[in-house]
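Let's take a walk through a protein fold, one piece at a time. Keep the picture open while you read.

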Amino acid sequence: MATHKFNLHCRRIDETQGMRRYYALSLRETLFGEFAVTRCWGRIGRNGCEQTDLFCSEQDAVRHFLELARLKRTKGYRPVSASNRSNETAVTG
């Protein structure tokens, strides 16, 4: 059973470049006891993409989740609260 639930929702907005993007991560245990890291990304207000990576151990899934979050942070994405993402289309769980 999963000991942690992770959710992260980030944005990168740069009006000078016309950039308005979102990136969402979640970590959940699957029905079969695996651990899924799901990421959704795209332009704010539009349908985006989704990818899920499966792991046998929660530790490996958490490590992957944190690495993805770190990479997005270095690219300028910043976390946002649930109340600030009403017009985005990502499904995070």
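How many residues lie between E1 and E2 in their hairpin, and which glycine in the turn has a positive phi? There are four residues between E1 and E2, and Gly18 is the turn residue with a positive phi, about 70 degrees.

## Before we dig in

This is a predicted model, where local features need pLDDT of at least 70, side-chain atom pairs count only at pLDDT 80 or more, and totals for chains, interfaces and linings use all residues. Residues are numbered from 1 along each chain as its sequence is written, and side-chain values use heavy atoms, with hydrogens and water left out.

Five strands make an open sheet in the order E4-E3-E2-E1-E5, with antiparallel pairing. E4 and strand E5 (78–79) are at the edges with a single partner strand each, so one side of each has no neighbour in the sheet. Two strands pair if DSSP finds at least two bridges between them. In general, strands of a sheet pair through backbone hydrogen bonds, either parallel or antiparallel.

Now go pair by pair. E1 and E2 run antiparallel and are joined by nine bridges; in this pairing, Arg11 has Tyr22 in E2 as its bridge partner. Strand E2 (residues 19–29) is also joined to E3 by nine bridges, again antiparallel. There, Leu27 has Val37 in E3 as its bridge partner, and Ser26 stands opposite Thr38. Strand E3 (residues 35–43) pairs with strand E4 (residues 49–55) over seven bridges, in the antiparallel sense, and Trp41 is partnered by Cys49 in E4.

The hairpin of E2 and E3 has five residues between the strands, and Gly33 takes a positive phi near 85 degrees. E3 and E4 form a hairpin too, with five residues between them and Gly45 in the turn at a positive phi of about 90 degrees.

Find Thr38 in strand E3. Is Thr38 buried or exposed? Thr38 is buried, with a relative accessible area of 16%; buried means under 20%, exposed over 50%, and partly exposed in between (1.4 Å probe, protein chains only). Leaving out residues up to four places away in sequence, Thr38 touches Ala24, Leu25, Ser26, Glu50, Gln51 and Thr52, where contact means heavy atoms within 4.5 Å.

Next, look at Ile13 in strand E1. Ile13 is partly exposed, at a relative accessible area of 40%. Its contacts, not counting residues up to four places away in sequence, are Met19, Arg20 and Ile44. Ile13 and Arg78 are 65 residues apart along the chain, yet their C-alpha atoms are separated by 9.1 Å.

## Where the helix comes in

His64 sits in helix H1. Not counting residues up to four places away in sequence, His64 touches Val37, Arg39, Asp53 and Phe55. From His64 to Val37 is 27 residues in sequence and 7.7 Å in space, C-alpha to C-alpha.

Aromatic rings give another link. Rings of Phe, Tyr and Trp (its six-membered ring) pair if their centres lie within 6.5 Å; planes under 30 degrees apart are stacked, over 60 edge-to-face, and the rest tilted. That rule gives two aromatic pairs. In one of them, the rings of Phe6 and Phe65 have centres 5.2 Å apart and planes at 50 degrees, so the pair is tilted. This pair links distant parts of the chain, with Phe6 in strand E1 (residues 6–14) and Phe65 in helix H1 (residues 58–74), 59 residues apart. Phe65 is buried, with a relative accessible area of 4%.

## Checking the cysteines

How many disulfides are there? The count is zero, taking a disulfide as a pair of cysteine sulfur atoms within 2.5 Å. Cys40 is in no disulfide, and the nearest cysteine sulfur, that of Cys49, is 9.4 Å away. Cys40 is buried, with a relative accessible area of 4%, and Cys10 is buried at 5%.

How values were computed:
Helices (H or I, at least four residues) and strands (E, at least two) are DSSP runs, numbered from the N terminus.
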